[in-house]
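Hello,

Please find the structure below. My notes on it follow.

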Amino acid sequence: MLEIKNLHVAVDGKEILKGVNLHVRPGEVHAIMGPNGSGKSTLANVLAGRDGYVVTKGEINYLGRDLTTLEPEERAREGVFLAFQYPVEIPGVNNIYLLKAALNAIRKHRGQPELDAVEFLALVRDRMGLVKMPEDFMSRSVNEGFSGGEKKRNEIFQLAVLEPRLAILDETDSGLDIDALRVVADGVNSLRNPERSLVLVTHYQRLLDYIIPDQVHVLSDGRILKSGGKELALELEARGYDWVRAAAA
Amino acid sequence: MSDPAVHEFLESWRGVTPVPGAPWFAPQRAAARQAFQARGFPTLHDEDWKYTDVRPIASRRFGSGTETGVDAGLTAAASFSAAGAHELLFLNGQFATAADPAPALPAGVIVMPMSRADARQNESLAAHLGRYADINKHGFLALNTALAGDGALIFIPDNVEVTIPVSLLFASAAGPQPTGTCPRNLIILGRNAAATVIECYTGTDDGEYLTNAVTEVRLGAGARLEHYRLQQEGKRAYHLGNLSVQQDQDSRLVSHAFALGGALARNEIDVRLAARGAQAVLNGLYVAGERQHLDNHTRIDHEQPHTTSAEHYRGVLTGRARAVFNGKVVVHKDAQKSDARQVNANLLLSDDAEVDTKPELEIYADDVKCSHGATIGRLDDNMLFYLRTRAIPAAVARSLLIYAFAEEVIQPIGFAPIRARLEQRVLGRLPDAEVIREFVQ
């Protein structure tokens, strides 16, 4: 699904990722953990194609293609989805129209018929239930006036509607109280399938109590220092990140 | 100090015959003429005009355009009569009878060209005309009174609510030489009266002409006026528009001012909240491209307690366009418990576009709520990226954000045909308009 080899990324001329290797197979859930400033969000952004994140070395292979040659919208149509750490408010752009345009662009690209208003609404109602979205979300502008938790839920709601092949969840757990976290995690778990891969970028192990990863990676200073199974997350929670760094030094 | 050029401008003016011609107005005209001669045109040295250079107007001589026919297509495109409005049409400054009969208005309501006013209507005119617009404010206001041509007289009696919108359409066709008009309107709403009035200014793109329009408004106690001003003049037009309003107790003005056309245009709104509980809502949108210069000046005087004003203007600039927003709010010392809010947001889409935004608050009362905020920005990269990660192509995302920015001030429009026209005018300028139209429906 996703194969990252020796990835170096610079932002504003400063090297942030310094040789990342990552292999995610279809259906797998990988957690990228690490202290603040380790490069976690840079990895998420470079996968989605944000301007200013320059790949200086290495490669990102997605379903056999060089992902770095694609524009962000092309990546989205190819099935890459980024759930933002800080979802942006877009006044005047309606949530639902955006989602409909997004879904139909993706379906068209896949050679599927576009959904009409009725079919789309049926799908939306079904997926709203997954993350317990209140009805009035539909009539509001994108994220406008949403609480931090609502914004995060809206990201997962979009994930549920767009059904990507590869979803990158950037700090989705931050700003969520325990109940909201459970709702979001349940939503994500229900979307797991053998064809869909997830990359969870997170600072805390908390989320991984609910979404059980196949692999956990520790990112520090732009490199993956250690990889392991889900038990690695518990160890990190108990011991912090310093011992990994010390062991790697 | 009379400037010879100003004298010459007046002498060479061959705009349409001044209206109203009633003798009672002659002294006002003479005074205005004197005021204009004394004051002349505003210059960049006047604080209120420092960003708007009117020398292109002052240096031209404007003739009457009455010999030039106005294309029916031009007026049809700007008309709201098909949308159910009661419309008065003025072609090159002169009243023209509409082809279709206008829908009937309630008894006692007067909507007519001033040129047709009879003796009794002249009495209402005499009681109000010239009372609300201050000829000493600047030269163009004096010039309008000195040369005022035809315009509408609208009188809504006490307790009458007019639900049919009244539309005033001013269309100009430029001739081989620059032409000029000074339309003058008067809108009087009695106690608890209500009305919707649309002023639309349009013209041809192929020549130069000047529109120097003034509308005076008096709102009686409890009256409600929804006022629209659509400036969609021709590409080479000069346009000056002033709306001067005086409001009585608990009256409510909702003004929507849209500046789209013209080469050099200025729209002014002066509102006096002259009695307790008076409210004014001012919405505005200016969309300027190429080398257009669009100036928006508003002044709201909170003269009495418990008066409120809420102002929201937005601007979208491309090319080498230049825009000005100057919002003055004066809270007088007796105007305790007043509430004044002002927001001006600007979107600059090119490196060469420029906007000067200037909120001006003068507060002489101590128990008031006042706020203002002005922003000038480009399209937000985070928003663009977010939309693109949702499979929206970059060009469409850009257009969508521009449209959404303008939509904030288009959305509050109550009369749907105007909203549709604005959406079309704004969308029409954007790439991928068709895609976005689908989006926003």
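Buried residues make up 61% of the 441 residues in chain B. Please keep in mind that this is a predicted model.

Chain B as a whole

The secondary structure of chain B consists of 10 helices and 20 strands. Its C-alpha trace spans about 70 × 55 × 50 Å along the principal axes. The radius of gyration of chain B is 21 Å, which agrees with the value near 22 Å that a compact globule of 441 residues would have. Of the contacts in chain B with a separation of 6 or more, 85% are between residues 24 or more positions apart.

Chain B exposes about 16,800 Å², and carbon and sulfur atoms supply 49% of that area.

Helix H1 of chain B

Helix H1 of chain B covers residues 4-12, and its buried residues are B:Val6, B:Phe9, B:Leu10 and B:Ser12. The cover over these buried residues includes helix H2 (26-39), helix H3 (55-58) and helix H6 (139-147) of chain B.

B:Arg33 lies in helix H2 and B:Glu11 in helix H1 of chain B, so the pair ties together parts that are 22 residues apart in sequence. Both partners are partly exposed: B:Arg33 has a relative accessible area of 28%, and B:Glu11 has 48%.

Other salt bridges

Over all chains, the count comes to 40 salt bridges. Two more of them are described here.

In chain B, B:Glu268 forms a salt bridge with B:Lys137, and the closest N and O atoms are 3.8 Å apart. This pair links distant parts of the chain: B:Glu268 is in strand E13 (residues 264-273), B:Lys137 is in the loop between helix H5 (119-128) and H6, and 131 residues separate them. Are the two partners buried or partly exposed? B:Glu268 counts as buried because its relative accessibility is 1%, under the 20% cut-off. B:Lys137, at 26%, counts as partly exposed. The pair also belongs to one network, in which salt bridges that share partners join B:Lys137, B:Arg266, B:Glu268, B:Asp270 and B:Asp295.

In chain A, A:Lys151 forms a salt bridge with A:Glu89, with the closest N and O atoms 3.0 Å apart. A:Lys151 lies in helix H5 (residues 148-162) of chain A, and A:Glu89 in the loop between strand E6 (80-83) and strand E7 (90-94), so the pair ties together parts that are 62 residues apart in sequence. A:Lys151 counts as buried at 16% relative accessibility, whereas A:Glu89 is partly exposed at 30%.

One residue in chain A

What surrounds A:Arg75? This residue is found in helix H2 (residues 72-77) of chain A, and A:Arg75 is buried, with a relative accessible area of 5%. Leaving aside neighbours within four places in sequence, A:Arg75 is in contact with A:Val46, A:Leu47, A:Ala48, A:Gly49, A:Leu67, A:Thr68, A:Leu70 and A:Val80. The C-alpha atoms of A:Arg75 and A:Tyr62 are separated by 9.5 Å, and the two residues are 13 residues apart along the chain.

Regards

Terms used
Residues are numbered from 1 along each chain as its sequence is written. Chains are lettered from A and ligands numbered from 1 in the order in which they are written. This is a predicted model: local features need pLDDT of at least 70, side-chain atom pairs count only at pLDDT 80 or more; totals for chains, interfaces and linings use all residues. Side-chain values use heavy atoms; hydrogens and water are left out. Helices (H or I, at least four residues) and strands (E, at least two) are DSSP runs, numbered from the N terminus. The radius of gyration is taken over C-alpha atoms; the globule rule is 2.2 Å times the number of residues to the power 0.38. Buried means under 20% relative accessible area, exposed over 50%, partly exposed in between (1.4 Å probe, protein chains only). Contact means heavy atoms within 4.5 Å. Accessible areas come from the Shrake-Rupley method with a 1.4 Å probe; for residues, only the protein chains shown count as cover. A salt bridge is a side-chain nitrogen of Lys or Arg within 4 Å of a carboxyl oxygen of Asp or Glu.
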